[in-house]
Amino acid sequence: MSAISMILVVIVAFLAGMEGILDEFQFHQPLVACTLIGLVTGHLIPCVILGGSLQMIALGWANIGAAVAPDAALASVASAIIFVQSGAATKSMGTATAIAIPLAVAGLFLTMIVRTISVAIIHIMDKEAAKGNLRAIDMWQIVAICLQGLRIALPAVALLIIPADQVRAALSAMPAWLNEGMTIGGGMVVAVGYAMVINMIANREVWPFFAIGFVLAAVTQLTLIAIGALGLAFTLIYLDLESKAGNGGNGGNGGSGDPLGDILNDY
Amino acid sequence: MAEKKITLTKRDRWSVCWRSTFLQGSWNYERMQNGGYAFALIPAIKKLYKTKEDRAAALKRHLEFFNTHPYIASPILGVSLALEEDNANGTPIDAATMSGVKVGMMGPLAGVGDPVFWFTARPIIAGLGASLAISGNILGPILFFVLWNILRIAFMWYTQEFGYRTGTKITDDVSGGLLQKVTRGAAMMGMFVLGTLIERWVTIKFTPEVSRIKQSSGAYIDWDKLPNNPTAIKTVLEQWNMGKGMSLTEYKVTTLQDNLDSLIPGLAALLLTLLCMWLLKKKVSPIVIILGLFVVGIIGRVIGLLG
C-alpha cells in the first residue's frame, strides 16, 4: 500500500471514529467506511461487497440512551484494512467478516474509555463557562470529538504497520473448514441484528406486515425497491382505512353498505 | 407584545443547526450530551448576550444534564433558542423553566426518535444499500449515504425551525395524533421490510441428504451415449431444456434444505430469527449470540450438517 493510501485510510478511520459517537453522517457504518477504504486503496468493488455483508450484520446496532451497541466503526475499519492487506480476495471475505465481531466488542470498550475521559473535559468546560469564555467551550468540544476520532485512527495505524505478507500468510494458513465455517456463521449472524430490531418495534398490530413481507420476498423477480414500494403502499392504505373507519359512521355509507347488493337492486 | 431588540437571524439558526451535528461529540457518563448542547447554542449566546455574566449564566443553563436522540434534539434546541431570545429581550425566564422545558421534551421525544431512526429508517435504507452492495454495486453505499443525509439534515433544520416558531407550545403539538401516526406507520413499514430481509439475506443451508433415488433410464441424460463431437453440447442442452427436461444426474438427490424450502422458502431463517429474539428477551448478550452462531457454523461445517 502506498504512503498516500495509508494516510487516506487513517483519515477515513478518523472520520469513522468521530461518527461512531456523533451518529450523524454515518461514516462509521460498514457500508460507508468499507467503501471509502476500498476507494482509497484501489480495491473498491471487493470492499463494497464486504461493506454490504458487514452492514447486514450491523443493521440493528444502535446507541440507545447511555447503552453502547457493538462498535460498527472499529469493526468496519479494521476488517476492511485486514481484507485489503490480505489482497482483497473473495475467499477471505468470510474471515474478514468474522474478525469484525470481536473488534466490535473491543471498540465498545474504547468508546467507554473516551466517554469517561469526556467527563473530565466537561468539568473544564464548566470552569470556562463560569468565565463566559465561549471560544474555550468550542475548543474543548472539538478536542472531545478528535479523541473519538483517534479511538479508531490509532488502531488503524497499528494494523497498517503489520506487513501485508504476514496478514496474507496468517489467513491462508487457515484450514478450509474454519474459513468456510465462519462464512456459514456469517450468513446466520445477520439474524441477530434483525431480531434486535424486531424486539424493539414489534407489536400485535405490525406482525401481519412482517408476514406479508416475508412471503413476498420469495418472489425473486421483485427487487428490494419494488418490495419497499409495496410495503409503503400497504402501510398508507392501512393508516388511511383506519382514519376512515374512525369517522366511518357518518360518511361514505350512503347506500346499504353492500355495493354488490346496490348493483343487484338497480336491476 | 414589546418590540424585540435582538432577534436571531436565519443565518444564526442555521449555524446552531450545523453545530448540533456535533451534539454527541463530548458525550460523557456524567451529563451525557450537555457539552454538545452548549456548543450548539454558542452562536445564539454570542449574539444575544454581550456581558461576561450573561454569557456565563447562559452556558451554565445549558451545561446541565441532557440526553435524547441526536436528531430529536433539534426541535428542543429550537425551543431553547426561542426562550433565550425572549430572555435577552427583557422577558426574564429563569433557569428552572429553561431546563424544565428541555427535560420535559427529551424523554418522550427520544422514545420516538430511537424506533423511527435507529430501528426503522436506518435498517430499511441501509438494508437496501447493503443488498445492492453485496452484489458489487457501488450505488448501494452511495444511495445509503445520500438518502440518509438528505433526510437527516432536512429533519434537523425543519424541526428546529418548528421548535423556534412554536416555542413552549410545541409540547401540545407533539402529543397530537400525527407524530404517533408516523411512529406507527414507520413500525409497519419496518416490519414489512424486515420480513423481506430475513427471507433474502439470512442464509442457512442444510446439506444432509434425505433421499437418493435412482431414476429410470430416459429420465436423465446418459452421458456415455452422447456423440463424441461438438453437437453433443447441443444435444445435452436440448435434453436438459433449462431444467424442465431430463435430469443431469442418474440419482435424484433431495437434501433437507429442499424439503424445508418446499414448505416455505426461508423457513429456517425465520426460525433462527425467532430463536434470536427469544434469546435476546432472555437477556442473552447479542455478542454472545453472534459468537455462538459462528461456533455453530464451524461445527456444522465440520460434521457436514451445514454448507
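Axes here are lines fitted to C-alpha atoms, for helices over the stretch in contact, and the angle between two of them runs from 0 to 180 degrees between N-to-C directions. With that in hand, let's look around this predicted model.

Start with helices H2(A) and H3(A), the latter covering residues 44-58 of chain A. They pack at an angle of about 165°, and their axes are 7 Å apart. Angles over 145 degrees count as roughly antiparallel, so that is how H2(A) and H3(A) sit relative to each other. Their crossing is right-handed. Who does the touching? On the H2(A) side, the residues include Pro30(A), Leu31(A) and Cys34(A), and on the H3(A) side, Leu44(A), Cys47(A) and Val48(A) are among them. By class, the contact splits into ten nonpolar, five polar and no charged residues.

H2(A) has another partner: helix H1, residues 3-22 of chain A. The axes of H1(A) and H2(A) come within 9 Å and cross at roughly 165°, which makes this pair roughly antiparallel as well. The crossing is right-handed. Ser5(A), Leu8(A), Val9(A) and Val12(A) reach out from H1(A), and they meet Ala33(A), Leu36(A), Ile37(A), Val40(A) and Thr41(A) of H2(A). Seven of these residues are nonpolar, two are polar and none is charged.

Now for a pair that spans two chains: H8(A), residues 176-201, and H5(B), residues 95-134. Their axes come within 10 Å and cross at roughly 135°, so H8(A) is oblique to H5(B). This crossing is left-handed. Val197(A), Met200(A) and Ile201(A) make the contact from H8(A), while H5(B) brings in Pro115(B), Phe119(B), Thr120(B) and Pro123(B). The tally is six nonpolar, one polar and no charged residues.

| Helix pair | Axis distance | Angle |
|---|---|---|
| H2(A) and H3(A) | 7 Å apart | about 165° |
| H1(A) and H2(A) | within 9 Å | roughly 165° |
| H8(A) and H5(B) | within 10 Å | roughly 135° |

Zooming out, how many residues of chain A are in contact with chain B? The count is 104, and they touch 101 residues of chain B. The two chains bury about 9200 Å² between them, with 76% of that on carbon and sulfur atoms. Glu24(A), Leu134(A) and Phe214(A) supply 9% of the area that chain A buries against chain B, more than any other three residues.

Arg301(B) and Glu180(A) form a salt bridge through their side chains, at 2.6 Å from N to O.

Terms used: Residues numbered from 1 in each chain as written. Chains lettered and ligands numbered in written order. Predicted model: local features only at pLDDT ≥ 70, side-chain atom pairs only at ≥ 80, totals over all residues. Heavy atoms only, no water. Helix = DSSP H or I, 4+ residues; strand = E, 2+ residues; numbered from the N terminus. Parallel < 35°, antiparallel > 145°, perpendicular 65-115°, else oblique. Left-handed = near helix turned anticlockwise from the far one by under 90°. Contact = heavy atoms within 4.5 Å. Nonpolar A, V, L, I, M, F, W, Y, C, P; charged D, E, K, R; others polar. Buried area = accessible area lost by both parts, 1.4 Å probe. Salt bridge = Lys/Arg side-chain N within 4 Å of Asp/Glu carboxyl O.
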